[in-house]
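Keep the sequence and the 3D view open while you read.

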Amino acid sequence: QREREREREAQAMVDEVKEVTEKVADLDVKGDAQEDDGTEVDPWDVKGKVDYGKLIKKFGCQAITDEQVTRIERCTGMKAHHFLKRKTFFAHRDLDQILEAKEKGQPFYLYTGRGPSSESLHLGHLVPFMFTKYLQDAFKVPLVIQLTDDEKVLWRSLGIEEAKRLARENAKDIIACGFDIDRTFLFQDFEYVGGKFYENINSIQRSVTLNQARGIFGFKGEDNIGKVAFPAVQASPALPDTFPHIFGDNKKVRCLIPCAIDQDPYFRMTRDVVPKLGYHKPALIESVFFPALQGDSGKMSSSDPNSSIFVTDTRKQIKTKINKYAFSGGQDTLEEQREKGANLDVDVPWKYLNFFMEDDEKLAEIGEAYSSGKMLTGEIKAILIDVLADMVERHQRARALVTDEIVDAFLARRPLSL
C-alpha cells in the first residue's frame, strides 16, 4: 500500500511539472520580447524602438562589462575592437567561460552565419562579420560560417537553386572581409547537411517538443512544418562534432557565437538542450541592431532598398541615400541648430559614424560639435558619406578578387588550424 501511495505521489508530481511546462511552452516569444510600447523582437523581424536594457532582462542574458573588455585585451594581447568599447556588442552569455578557456589554453571555436536572401549584403550584415574577423584575429581560433540557404526557401519562398546561388554570392562578400582560410570553413546547408551534422540535428529535434518550439519562436498553425524543424539546423553547428573534419568526435570544444541579439531565441533553445546530449552550452556575444536610414523604427532591411546601404552601392548612390533618407536629429532651421544643437540620440548619421569611424578622438570631436550647434546636419552627412563610400569601395575591391575557385576552397571539407 505504501508503494502505491509513493507511486501516486510521484505521478502527481510528474503531472504538476507537465502542467507548468505546458503553460511555459505556450507562451509566445513575440509576447515575451514585446515591450509595452509595441516593440517586437524575434529572429525574423524587429519593430519599434528597442530598449536594450529591457531586452537583456527579458531574454535573460547579461551586459558586457568594462572589466570583461579589459580581460579580452589581456587574453589576446590586442586592443579591444571599437564595437566592444562602444557597446555595439553589448550583451553575452557565458563569455567568462570562453575567456577562462583561452587563459587555460583550452580550445574553442567561433560560429556565425548568414541567411542568403539578397544578391549582396548591406552594412547591417557586415557588422557581425567585421566583429567576427576581429575575434578570429585576436583569439586565433577556428571559425565556421553557416549559409542557411534552406531557411530562405522556407521563409522567403525562394526556389532551391536560387537560394543556393545567392548563398555563393553572399559567400564572396563574406570572404572579402578577410577571413583566414586556414581557420575558416564556410558551408551551405543544402550541400553539408548529412552525416554527423544530420545526426545532431535529429538529436536536437527529438529533444524539443512542438509546444516548446511554439513558445520559443511563436510558430502558428499556418506555418509550414519546415519552419518548425529548422531551429535544430541552426543549433547544430554549435556542437563541435558537427564538423568531424575539424574536431573529430570531440564533444567538449567550447563554441562562441557572435550575432545580433534577435538571434538569441535560437541559442536559448540550444543551451537548454545540448547539456543533456553531452556538450557545453554555447556562449554568445550579441550586438545591437544596425538602424535603418529612416531611424529607430527597426533594423536595416534588404527588402527596402531605401532603408539600406548595400556593399554594391556606388559613391553617388550612397551620397543620395544619406542626404535624402538618413534621419536627422538636427534642428529645423540654421538658427535653431546653432542655438540648440542636434539630438544625437535619434540622429542616424551620428549612429552610423559610431559603427564605422574607428578614430575615437575624431568621433568625440564630431559629437561635441554637432550636439552643440557648431556643426550642421549637412556637414556630418558629408563626413559620413566619405566614411561609408571609402569603406564600401575597399570592400568592392576585395570582393572582385574572390573567384569561384576561392569560394570552393573555403567550402571544402578539410582540417583547420586549431
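**Exercise 1. Sort the lining of the second largest pocket into residue classes, then locate it.**

Step 1. The lining divides into 11 nonpolar, 3 polar and 6 charged residues. Here Ala, Val, Leu, Ile, Met, Phe, Trp, Tyr, Cys and Pro count as nonpolar, Asp, Glu, Lys and Arg as charged, and the others, Gly among them, as polar.

Step 2. Of the 20 lining residues, His81, Met130, Glu358, Met391 and Arg394 are the closest to the pocket's centre. A pocket is an open set of points on a 1 Å grid over the protein atoms alone, where a 1.4 Å probe fits, with protein on both sides within 12 Å along at least five of seven lines; lining residues have an atom within 4 Å of a point.

Before going on, note that this is a predicted model: local features need pLDDT of at least 70, side-chain atom pairs count only at pLDDT 80 or more, and totals for chains, interfaces and linings use all residues. Residues are numbered from 1 along each chain as its sequence is written, and side-chain values use heavy atoms, with hydrogens and water left out.

**Exercise 2. Find which residues of α9 and α22 make their contact.**

Step 1. From α9 come Arg168, Ala171, Lys172 and Ile175, and from α22 Asp404, Ile406, Val407, Asp408, Phe410 and Leu411. Contact means heavy atoms within 4.5 Å.

Step 2. These residues comprise 6 nonpolar, no polar and 4 charged.

How values were computed. Helix = DSSP H or I, 4+ residues; strand = E, 2+ residues; numbered from the N terminus.
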